[in-house]
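Visitor: Could you walk me through this one, feature by feature? I'd like the general idea each time, then the case at hand.

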Amino acid sequence: MKSQNARVLAHIRVAPITILQAIHWMGCTRLPARIYELRQMGHEIGDRFKTVKNRRGEKCRVKEYWLVKEAGNG
């Protein structure tokens, strides 16, 4: 079985991810911790807050992460 770090890295190679997506898709409840660990490994990961609507239709902000540059790759 892949580690959560490996699953998160595999996902952000293709598309950005938010905490709610990480929980839903891979059962990862501590995405910021996984992002921190991936950054410590040398991966360059971008982040920003984006505004989305919650289940009640109210605006809220969530953090989104994406891979800028993988460790060891030019």
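Guide: Let's start with burial: buried means under 20% relative accessible area, exposed over 50%, and partly exposed in between, with a 1.4 Å probe and protein chains only. Isoleucine 12 has 4% relative accessibility, so it counts as buried. Before we go on, this is a predicted model: local features need pLDDT of at least 70, side-chain atom pairs count only at pLDDT 80 or more, and totals for chains, interfaces and linings use all residues. Residues are numbered from 1 along each chain as its sequence is written, and side-chain values use heavy atoms, with hydrogens and water left out.

Visitor: Where is isoleucine 12 found, and what is it in contact with?

Guide: Helices (H or I, at least four residues) and strands (E, at least two) are DSSP runs, numbered from the N terminus. Isoleucine 12 belongs to helix 1, residues 4–12. Contact means heavy atoms within 4.5 Å. Setting aside neighbours within four places in sequence, isoleucine 12 is in contact with Ile17, Ile45, Tyr65, Trp66 and Leu67.

Visitor: Is glutamate 64 buried or exposed, and which side chains does it make polar contacts with?

Guide: Glutamate 64, in strand 3 (residues 59–69), counts as buried because its relative accessibility is 7%. A polar contact is a pair of N or O atoms within 3.5 Å; within protein, one must be able to donate a hydrogen and the other to accept it, and residues adjacent in sequence count only if both atoms are side-chain atoms. The glutamate 64 side chain makes one to the side chain of arginine 48 at 2.8 Å and another to that of lysine 50 at 3.3 Å.
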